[in-house]
Amino acid sequence: MTEAFLEHANITVSDPEATASMLAQLFGWSTRWFGEAKDGGVSYHVGGRDSYLAIYSKGGREDGGNSYETPGALNHLGIVVDDLDAVETRVRAAGFQPHSYADYEPGRRFYFDDPDGIEMEVVAYD
């Protein structure tokens, strides 16, 4: 039996085109597809060959509360990179503030929040 793997996650943002562009710039990803989506929304699929994020919006923004206290909410996205320092430089240049640095087995990591408040964990494994 082949081991299952996560192909994609679908998240709602206020501006899917801008979020897809930001993720491509920071992580070297590309837009695999974009177009009309569920309930009159729009979706961008951005990522690599084997996995991606579906970035969705119907437009507008509603505050969803604290994700860590809301069952079913998204807490953060973990993104593995080869060069943590280079990505941190790009994150800062894009105007984001890294925080919550940690260095524990099996790798180093930091976090930052995107314009919609989605927390991103960026990690490099030794």
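**Lining of the second largest pocket**

Strand S5 supplies the largest share of the lining of the second largest pocket, namely four residues. Here a pocket is an open set of points on a 1 Å grid over the protein atoms alone, where a 1.4 Å probe fits, with protein on both sides within 12 Å along at least five of seven lines; lining residues have an atom within 4 Å of a point. Strands are DSSP runs of E with at least two residues, and helices are runs of H or I with at least four, numbered from the N terminus.

The lining comprises 16 residues, with Trp29, Ser51, Tyr52, Leu53 and Gly78 nearest the centre of the pocket. Two or more residues come from each of strand S1 (8-12), strand S4 (52-57) and strand S5 (77-80).

**Basis of the model**

The model is predicted: local features need pLDDT of at least 70, side-chain atom pairs count only at pLDDT 80 or more, and totals for chains, interfaces and linings use all residues. Residues are numbered from 1 along each chain as its sequence is written, and side-chain values use heavy atoms, with hydrogens and water left out.

**The sheet**

S5, S8, S7 and S6 form, in that order, an open sheet of four strands with mixed pairing; two strands pair if DSSP finds at least two bridges between them. S5 and strand S6 (99-104) are the edge strands, each pairing on one side only.

Strands S7 (residues 107-113) and S8 (residues 119-125) run antiparallel and are joined by seven bridges. Arg108 has Ala124 in S8 as its bridge partner.
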